[in-house]
Amino acid sequence: MKNLTNSLLLLLVVFGFSSYAQTGQSKYEMGVKKGLQMVGAAQTADDYLKTSNYFERIAQVETKEWLPPYYAAYGNLHAGLSTNNKVLQDQYFDLALVQIADAETRDAENSEIYALKGYIQFMKMSVDPQSRLSMIGDATASLARAETLNPENPRIYLINGQNTFYTPEAFGGGKKKAKPILENAVAKFAIFKPATEIVPAWGAARAKALLAQCN
Amino acid sequence: MKSLLVLLLLVIFNFTLVQAQTKISGVLKSTKGTPVTNANILLKNTYDGTSTDSLGRFTFSTMELGVQTLQFSALNFETDSVRLDLQSNDVILNLKMKPSINLLETVSISAGYMNTGDGKKGAVLTALDIATTAGSDADVFTAQQTLPGAQTSFSESGLFVRGGSASETKTYFDGMLLKNPFNATVPDQASRGRLSAFLFKGTSFSAGGYSAQYGQALSSALILESTDLPKKTTTGISVLSVGGGIDQNIRFKNSALSIGAAYYNLAPTYRVTKQQNNFIKAPEQISGSIQYKHKTSETGMFKFYATYGETTLALYQDNIDLPAVPRYFSNDNNNIYINSTYKEFLNSRWKLDAGFSFNKDKDGGSLSADLYSRTDKLTNGKITFTNYFGKLSNLKFGAETFHTGRTEGMNGLTRGYDDQISSAFVETDLFLTENLVLRVGARGEYSSYLEKYNLAPRTSLGLKTGTNAQVSFAYGRFYQNPEDEYLILKRLDFEVADHYILKYEINTADQNFRIEGYYKDYNHLTKENGGTHDNSGTGYARGVELFWKDKKTIKNGNYYISYSFLDTKRNFRDFPTLATPSFAAKHTASVVYKQFFEALQTQAGATYTFASGRPYLNPNNAVYLGDRTKSFNSLSLTFSHLTTVFKQFAVLYLNANNVTGFNNVYGYAYSQDGLSRRATLPSSKRSLVVGILLTIGDNTFVR
């Protein structure tokens, strides 16, 4: 009886512990996954702000993980892209820059973080290009850093191609120049395998769509 | 048995954990009662939380128990929290949060300052703004002449602001007074600024009522703020019809070194465009500069800039008294300028700014048969401490010293003077609320040469009257030493001006409107009295200025319109009576328009300037300065075409001044007998500069 109880207890403890360990790990992973589903379903600026809030909640618990502030920044970036109000755009992009800087303090050598940073900086510039042209340089520098850290990250080329696509030809942009960059992006997306289910994997469809517009 | 008990407890405990869900719901409103949407509601250190909906409502569940912190945050609000003791009963909350301070919507010190742009408190004209302003030829000073308060001038270097002479506008490079910002003097011609617009991230122009930090300026302050670290290592090459330059920027991790050289020669241009003066040697200039910037910490920056230039020119000027003997004038000028500054936050509340600058400008040559020489110098040291308190307020205090003077010689005889001006200043920007700011300050100076003290109170008030509207008022007293040409003759007294300014403005993200009225009272101006000089001169200036800038209406384009009305009279220098000086036009208006043509990859700009006639001295008219020239009109165009040359980024640049060929006259000089006169004209009727600017090592246009 005692043996049985002990065995049962052991089983329960082991099971409980392993399940606890699993939930401990999966609580974070599941949390991020749930957030990514919200991002996938988001359509309006409000939707994106809610995803950003969601990831901020995770970020304040998981203080060592870079993904929560990364996705929080991603949410604010898209909230800005989903509104026409320039004042709001500026505020969302500013918040996104703060959040991506937070991600940077958590993981200073991460290609994904600098890629997204370059994206946000470019969009911040494009709110008022006439007086913010110099921010193109910031965006370019971030993307260059991302490329140094991991040249196989396809999002660098997507963002770079997209920035080029939307920069007037006169300023070194245009469809013609964007095309080879986006082709490279599509090629890199084809071979890109995300390390886990929760690391950044967005952009393949966007790269294809933009490339199609170049032709 | 004990084990069984533990087992049982464990199961029960697990069971309770699942059971104890608490529902937290409520409404979040601002302290003004409006719902706060998209706020983030969370239980600290848990994943639990939600966002508020469009009515500020929220609902979420948690399994946490005991004392927890519920935090709520939202854009433009101050993050706040409440403590909750969760006992598995549903909680309903009525939360309020305070709007946070949005710097863009906060009242600012504004009277006298030109805010045309983006950064409300920052740059007014960026380097790019200046370079793309038609008619400016990328000159810092010429571009400012399109702003309200400034006169158009082409026969004397400098900015004439609100009835003040050119010597009453002072230029500050990173807070340090710059005594000779202009290129070598040519008689009856305005010289360009010596410093390239591209050295600066922004220039702001104050037409009065400026801070106690700035001394020795009676009428106006032009504040130049240098750029920070360049982003990349690049080489820049410019080839213009008037010369060219090359510079190399080398970027290190936390610092950057820039070395540049330039050569200008106006001879080819002068062969094409007819010049007013008969040049024997067209101005030729060679200069070099070195710049080092070091980011000493996250908040610290050290900057060093030094430049040296040499200019030579010679010409014959018509002699109205003896037409057969034109006046010969030559000038060999050299100029050295050093500026070094350091700034750092000592902690989160205290900031230190320190600076040193040195400027020496030497002219020498022949004036008809006489040999002349002139050396101007200024050494400036300054230290400022800023204490930030409250949410927005600050207190500044500092000390400054100027060692200034001039030496001049004529045919071997020399004379000169030296002055040591010591000064201290204190000033606070006190935000009584987010909508009301009060600046109170004072500046005291002692001049060793004049052996006199002065104390100048300055105050400015800003009141926000709507989301985008503000009313401002400023009063200030401003002292300045008389000009060198008088000081070298005699110890005089400080000249003094009192400024009263009232301003109303509406600023949105892409449109700005302002109307500003002012009254200025001048006293102790230097005056010639029977062959000697004293400080008995007086004067006044009053006026109204309008400004409208619109970046919204025209796609890829923007324009601004400025208008200045000026009523001023002075009795100074050799005036026998109170009269409007020759540099003051009653009405001045400018329209500056810029348009980017995407298909042509070209930025085009047009500037139209109008000024009503200026007074000139006609000895045949009993009324002193009673005659007026005809009005001034000028239409200038500029084009910048962006392209690539040898696969490098390039800008093809063209600027054409006075394209329609208006005949403009600044005034007249009369012969001693008063029978003949000579018009003071622009150096040429029209002028044209073309060139190419290449950037190597960067794939974007901006360096």
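Is the crossing of helix 5 and helix 7 of chain A left-handed or right-handed? In this predicted model, the crossing of these two helices is left-handed.

The geometry of the pair was examined further. Two packed helices are described by the angle between their axes and the distance between the axes. Helix 5 of chain A spans residues 111-127, and helix 7 of chain A spans residues 135-149. Their axes come within 8 Å. The crossing angle is roughly 165°. Angles over 145 degrees count as roughly antiparallel, so helix 5 of chain A is roughly antiparallel to helix 7 of chain A. On the helix 5 side of chain A, the contact is made by Ser111(A), Tyr114(A), Ala115(A), Lys117(A), Gly118(A), Gln121(A), Phe122(A), Lys124(A) and Met125(A). Helix 7 of chain A contributes Met135(A), Ile136(A), Asp138(A), Ala139(A), Ser142(A), Leu143(A), Arg145(A), Ala146(A) and Leu149(A). By class, the contact has ten nonpolar, four polar and four charged residues.

Chain A as a whole is helical in its assigned elements. It holds ten helices and zero strands. Read along the sequence, the pattern of chain A is α-α-α-α-α-α-α-α-α-α. Chain A has 215 residues, of which 41% count as buried. Among its contacts between residues at least 6 apart in sequence, 61% join residues at least 24 apart.

Chain B has another make-up. Five helices and 37 strands are found in chain B. The chain has 703 residues, and 40% of them count as buried. Its C-alpha atoms fill a box of roughly 130 × 60 × 45 Å, taken along the principal axes. Of the contacts in chain B with a separation of 6 or more, 60% come from residues 24 or more positions apart.

Gln68(B) has Leu84(B), in strand 6 of chain B, as its bridge partner.

Strand 23 (residues 452-464) and strand 24 (residues 469-480) of chain B pair in the antiparallel sense over seven bridges. These two strands form a hairpin, with four residues between them. Arg458(B) has Gly476(B), in strand 24 of chain B, as its bridge partner. Strand 24 of chain B is also joined to strand 25 (residues 495-507) of chain B. That antiparallel pairing has twelve bridges. Here Phe473(B) stands opposite Leu502(B), which lies in strand 25 of chain B.

Terms used. Residues are numbered from 1 along each chain as its sequence is written. Chains are lettered from A and ligands numbered from 1 in the order in which they are written. This is a predicted model: local features need pLDDT of at least 70, side-chain atom pairs count only at pLDDT 80 or more; totals for chains, interfaces and linings use all residues. A residue is buried if 20 or more other C-beta atoms lie within 10 Å of its own, exposed if 12 or fewer, and partly exposed in between; C-beta atoms are placed from the backbone. Two residues are in contact if their C-beta atoms, placed from the backbone, lie within 7 Å. Two strands pair if DSSP finds at least two bridges between them. Axes are lines fitted to C-alpha atoms, for helices over the stretch in contact, and angles run from 0 to 180 degrees between N-to-C directions. Angles under 35 degrees count as roughly parallel, over 145 as roughly antiparallel, 65 to 115 as roughly perpendicular and the rest as oblique. A crossing is left-handed if the near helix is turned anticlockwise from the far one by less than a right angle, and right-handed if clockwise. Ala, Val, Leu, Ile, Met, Phe, Trp, Tyr, Cys and Pro count as nonpolar, Asp, Glu, Lys and Arg as charged, and the others, Gly among them, as polar.
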